[in-house]
Amino acid sequence: MAEAPTPPPRKLKPPMSRLMRLSLKFVDWVTDATRRADGTLNRCALSLMDPRVPAISFPCRGVASRDVVLDGALRLRARLFHPATKAAKKSTAPVPVIVFFHGGGFAYLSAASAAYDAACRRIARYASAAVLSVDYRRAPEHRFPAPYDDGVAALRFLDDPNNHPAAIPLDVSRCFVAGDSAGGNIAHHVARRYASDAASFRNVRVAGLVAIQPFFGGEERTPSELRLDGAAPIVSIDRTDWMWRAFLPPGCDRTHEAANFASPAAAAGLDSPAFPPVLLAIGGFDPLQDWQRPYGEMLKSMGKDVRVVEYPDAIHAFYVFPGFDDARDFMIRIAEFVAESAGGGSSD
């Protein structure tokens, strides 16, 4: 009996337009051109290549935004996005809040980067929620645990009703933490810290965690890292190694609790009933996928509610590119997750 033909190997290049490929090559070039061998970043050059876009106080596609100060002493700021349609203005019903952490390997980009300003605007519109995008302190100037501390500070800010804008009714009892890449890592650790000390929050209740291709790692190289190194955009072994060195405490390796979600030091809070349900996104062209699947499996083994959404053709950070069909689909998934967990929202 003849053997079945061997299926052709899967292509290592994700489907996308030539213009998109050129745009991603530029992103890669900026990342490589501004990081230095001594572990520092050329912030001056980055400020020219990643200019901050202003908040927009008037409705733009149904969403307005404003900048707020979370902690004056730390110079910690955030950008608050909120629905601003005619219906939203007439409604007095409070909206759920999504505390968002941008990606960028703990070192790059900001809440005011054009890609994240637009992404948070879309999340707010799809989920009918307020989005508080935290401009957390970045490495290498601010290493672990600075962004985790900033994330908890954002929850503390929301916990005080005196900090809520009078014109934007917020329901912080329906609060979510979310982020992509390094921001997904931060969202996980902030959820963990919250769960360890949930009783100290008077008003905030974290109802869900949206982990979008979270950035985890370890000392070993996974099959997806080796297979897609140099073939997938944005993430490469050389870049992620630099990012971990820039973020982790001096002398620490990738077994550290910030990188290794299975580290005993990273267990606090995971066994708490206050640790929220998780929506986890994984992309088939993301070199980090072999860390993300075990992350979801670990949480499931602990009895946590984990919903995994896999996009076989998705690159790392796919959802910030609205030209991808998967990006729109995932926005709908976020809206559904918020609606189910918080009792509201729509995907218009």
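The buried residues of helix H8 pack against helix H1 (18-34), helix H5 (146-159), helix H6 (182-196) and helix H7 (223-228). Contact here means heavy atoms within 4.5 Å, and buried means under 20% relative accessible area, with exposed over 50% and partly exposed in between (1.4 Å probe, protein chains only). The helices (H or I, at least four residues) and strands (E, at least two) are DSSP runs, numbered from the N terminus.

A quick word on the source, everyone: this is a predicted model, where local features need pLDDT of at least 70 and side-chain atom pairs count only at pLDDT 80 or more, while totals for chains, interfaces and linings use all residues. Residues are numbered from 1 along each chain as its sequence is written, and side-chain values use heavy atoms, leaving out hydrogens and water.

Back to H8, then. Nine of its 11 residues are buried, among them Arg239, Asp241, Trp242 and Trp244.

H8, residues 237-247, also supplies the largest share of the lining of the largest cavity, three residues. On a 1 Å grid over the protein atoms alone, a cavity is a set of points where a 1.4 Å probe fits but cannot get out; a pocket is an open set with protein on both sides within 12 Å along at least five of seven lines, and lining residues have an atom within 4 Å of a point. Grid points are joined across faces, edges and corners, and a volume is the space filled by probe spheres set on the points.

The largest has a volume of about 60 Å³, and of its 13 lining residues, Gly217, Glu225, Thr240, Trp244 and Arg254 are the closest to its centre.

Now the largest pocket, with about 820 Å³ of space. Its lining has 34 residues, and Val27, Leu109, Ala115, Tyr116 and Ile234 lie nearest the centre. H1 gives the most to this lining, with seven residues; H1, H2 (43-49), H4 (114-127) and H8 each supply at least two.

Last stop, friends: aspartate 286, in the loop between strand S7 (278-285) and helix H9 (289-301). Its side chain reaches the backbone nitrogen of leucine 288 at 3.0 Å, and makes a polar contact with the side chain of glutamine 292 at 3.1 Å. A polar contact is a pair of N or O atoms within 3.5 Å; within protein, one must be able to donate a hydrogen and the other to accept it, and residues adjacent in sequence count only if both atoms are side-chain atoms.
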